[in-house]
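Please find below my notes on the model.

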Amino acid sequence: MSKALLYDATMCIACKQCEGACAQQNKLPYDDKVAAESVQSAHKYTVVMTKDDKFMRRLCMHCEHPACASVCPVGAFHKTAEGPVVYDVWKCIGCRYCMVACAFNQPKYEWQSLNPRVRKCIMCPDRVLAGKQTACAEICPTGATKFGERDDLVREAQDRIRQNPSAYLSRIYGLNEVGGTSVLIISNVPVEQYGYPASAKIGDTPMPEYTGRVMERIPDFIPVWTLVLGGIYWVSHRRDEVAAAEAEEKKNGSAR
Amino acid sequence: MKFKLTFWKVVFIVIMVLGLYSTVVRFFYGLGAVSNMSDQFPWGLWIGFDLLCGVMLAAGGFCIVGAVYLFNVERLHSVVRPAVLTAFLGYVLFIVGLLFDLGRPWYIWHQLIYMNPHSVMFEVGICVMSYTTVLFFEFLPNVFEKFNLITPIKWIKKIYPVLIILGILLSTLHQSSLGSLYLIMPSKLHPFWYTPALPFLFFGSAIAVGLAMTIFESTQSAKAFGRHLELPVLVELGGALLVALWVNALLRFEDYFHRGLLGQIIKPSYESYFLWLELALAFVIPITMLSFKKVRLSPRGLYLASIFTVLGFITNRLNVSLTGFETYVGHHYVPKWTEFSVTLMIVALGFALFGLAVKYLPIFPEEKYPVQQRLRPATVAGPVTAEPVLDHAGN
C-alpha cells in the first residue's frame with residue numbers, strides 16, 4: 001500500500017516546525033535566516049509560504065508516475081512501493097534532466113558544489129519503511145500535514161470538503177494531476193497562487209507517457225530501419241557488383 | 001598575408017586563454033560560479049549550443065556517407081572524408097562539452113552500468129557513444145593511409161557496409177531523440193516549439209544542416225587551404241539542400257497548421273520575434289536564394305545560403321532550449337561570459353583540429369597538388385602520401 005501526505009492549508013498556522021523538522025531529518029542547516037527564505041533550494045526541501053494571511057506548503061509531490069525517475073539516464077530516481085520518490089546520489093552523473101522534466105520544479109541543485117547533488121524532499125523513506133510518519137507530519141501541531149495511506153487520505157480530504165464546503169475549494173490538488181501524486185493538498189485559495197502549476201496546464205496524463213510513446217517504438221524501429229537501410233545498400237550496390245562480376249567473368253572466363 | 005595569419009593566431013590564443021580560465025573556474029569553483037544556470041534554468045547555453053547544435057552541425061557525416069555509400073551516389077565521393085572528419089571532431093567535441101556541463105562528469109561511465117531504458121537521455125548517450133566509435137573507424141583509414149598501412153585498410157573496408165548502416169541507424173536514433181528530450185515538458189516549453197513532432201523536426205533539420213555544413217566546410221577549406229573548389233559537387237549539394245529546406249518548411253507549416261497556431265505566430269510577441277528570426281534565417285532567405293539558378297550555380301551564393309541555413313537552425317535549437325522556457329520561468333537567461341568562452345574554446349578547437357587533420361592526413365587525397373596557393377603556401381604541402389594506397393581506401 002502506498003503512503004501519502006495530506007496538507008490542509010486551512011489548518012496551517014505557519015509555525016514552520018515542518019521546515020525545521022525536515023532540515024533536522026535531512027541534516028541541513030536551519031536558523032532564522034533559512035526560516036525566512038520563502039523559496040525551496042538545495043538546502044530547503046520544504047517551505048511554508050504566506051500570502052494575505054493564508055499559508056501554503058510546498059514540497060516534492062512524489063508523483064505516482066514520476067517524470068524524474070523516467071528521464072534519469074542512470075536511474076538515480078525511483079518510486080518506492082511505499083510512496084516516496086527517492087534519489088541515489090552515487091548513480092547521478094549530474095545531467096539535470098530531472099530538473100527540467102519535473103512539472104513541479106522540485107529537484108534543486110547544489111550549484112556551488114564541486115561534486116553537486118540533486119536535492120529534493122524524499123519523504124523520509126527510512127522512517128516510512130520503519131512504519132513511522134514523515135518528520136514534518138509527526139511534528140505538525142495542528143494536523144495540517146497528515147501522513148497515512150493514500151486511499152484513506154483521499155477519502156478524508158473528500159469528507160472534509162463535503163462537511164465544510166464553504167471552507168474549501170472543491171478539489172484535491174494531486175488527486176489526478178500528472179496521473180496522481182502522493183502529496184494531496186486541499187485549501188480555500190487556489191494553489192496556483194503560490195506557484196504550483198495549474199491543473200489544466202499539467203493535465204492528468206502521467207509525464208513519462210509523453211516520452212514513452214516515442215521510446216516504446218524504438219525496439220521495433222531498430223530492426224525495421226536496419227533492414228530498410230540494408231536493403232537500400234544492397235539494391236544500390238547490386239548493379240556495381242553485377243558489372244564487376246561480368247567483367248571478371250569476361251577476363252578469366254575460361255579459367256573458371 | 002602575414003598580418004592576417006598572426007591576427008587569427010592571436011584570436012585563437014585569446015580564445016584559448018579565456019577558455020582555460022573558464023575551465024579552471026568550472027572545475028575549481030563549480031557550475032554556479034562559471035554559469036548563469038540556476039534552479040529555474042538548469043539547462044543553459046552548453047546544452048542549447050554545444051550539445052543540441054553541436055550534434056546537428058556534425059550531421060554532415062551521416063548525410064554524405066548515406067548519400068555516397070548507401071545510395072551509391074559516386075559523384076559526391078570527394079566530400080566524404082571532410083564530412084566524416086567534421087562529424088568525428090564534432091562528436092568528440094560534443095563529449096568534451098558534455099564534460100563541462102555534467103555536474104559529476106567523473107561518473108559519466110555510470111551510463112554504461114546503470115541503464116534506464118525509459119530515458120531519452122540514456123538513448124542519446126548510448127547512441128552518441130556508439131556513433132563516435134563508428135566515426136572513429138570511418139575516420140581511421142585516413143591515418144592508415146598516411147602511414148601506408150594497407151592491411152588494416154582492407155579490414156576496415158570489409159566491415160564498411162556494417163559501419164555505414166550502423167552509423168546511419170544510430171544517427172537517425174539520436175538526432176531525432178535530441179528532439180524527444182523535450183517531449184516531457186509540455187507545460188514548460190512554449191507552444192511555438194513544443195510539438196509532438198519534435199523528433200521529426202530535429203531529424204529533418206539535421207539533414208538540412210548536414211548538407212549546408214558540407215557546402216560551408218568545402219568552401220571554407222578551399223579558401224583556407226588553397227584548394228580547388230569542386231563546383232559540380234557543391235551544386236549537387238545545393239540542390240539537395242533546397243529540397244531538404246522545403247521538406248523542413250512544409251513540416252513546420254503542417255505542424256503549426258495542425259495545432260491551429262498559424263494565427264498566433266504572426267502576432268507580435270517576445271516569442272514570435274525569435275520565431276520570425278529563426279524562420280527567416282532557416283527558410284525564407286536560403287530557399288529564396290537557392291530558388292535562383294544563378295545562385296545555385298555560384299560558389300558564393302551556395303556558401304551564403306548554407307551559412308544562413310546553419311544560422312537559422314542554430315537559432316531554432318536555441319529557441320527550443322532557451323527562448324521557449326523564458327516565459328514559463330518568468331525571467332531571461334543570459335549566459336555568463338565564461339559560458340560563452342568555454343563554447344568558443346570548443347568551437348575554436350574544432351577549427352584548429354580540422355586544420356591540423358587536413359594538413360597532415362589525406363583528407364583531400366585525390367588532389368595531388370594545391371591548385372591555388374593562396375594563404376599559406378609553406379604549410380600546405382600536397383597530400384603526404386604520393387599515391388592513394390587503395391582507391392577510395394575505406395572511405
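1. In chain A, Lys3(A), Leu5(A) and Tyr7(A) point one way from S1(A), whereas Ala4(A), Leu6(A) and Asp8(A) point the other way, and all are buried. A residue is buried if 20 or more other C-beta atoms, placed from the backbone, lie within 10 Å of its own. In a regular strand the side chains alternate between the two faces of the sheet. Strands (E, at least two residues) and helices (H or I, at least four residues) are DSSP runs, numbered from the N terminus.

2. This is a predicted model, in which local features need pLDDT of at least 70 and side-chain atom pairs count only at pLDDT 80 or more, while totals for chains, interfaces and linings use all residues. Residues are numbered from 1 along each chain as its sequence is written, and chains are lettered from A and ligands numbered from 1 in the order in which they are written.

3. Strand S1 (residues 3-8) of chain A has six of its six residues buried, so it is largely enclosed by the rest of the structure.

4. S1(A) runs antiparallel to strand S8 (residues 145-149) of chain A, to which five bridges join it. Two strands pair if DSSP finds at least two bridges between them. Tyr7(A) stands opposite Thr145(A), and Ala4(A) has Gly148(A) as its bridge partner in S8(A).

5. With strand S9 (residues 183-186) of chain A, S1(A) pairs in the parallel sense over four bridges. Here the bridge partner of Asp8(A) is Ile186(A).

6. The three strands form an open sheet of mixed pairing, in the order S8-S1-S9 (chain A). S8 and S9 of chain A stand at the edges with a single partner strand each, so one side of each is left without a neighbour in the sheet. Neighbouring strands of this sheet are turned by 25° against each other on average, direction ignored. Axes are lines fitted to C-alpha atoms, for helices over the stretch in contact, and angles run from 0 to 180 degrees between N-to-C directions.

7. In chain B, helix H10 (residues 231-258) and helix H12 (residues 270-291) pack with their axes 10 Å apart, at an angle of about 140°.

Note on methods
A residue is buried if 20 or more other C-beta atoms lie within 10 Å of its own, exposed if 12 or fewer, and partly exposed in between; C-beta atoms are placed from the backbone.
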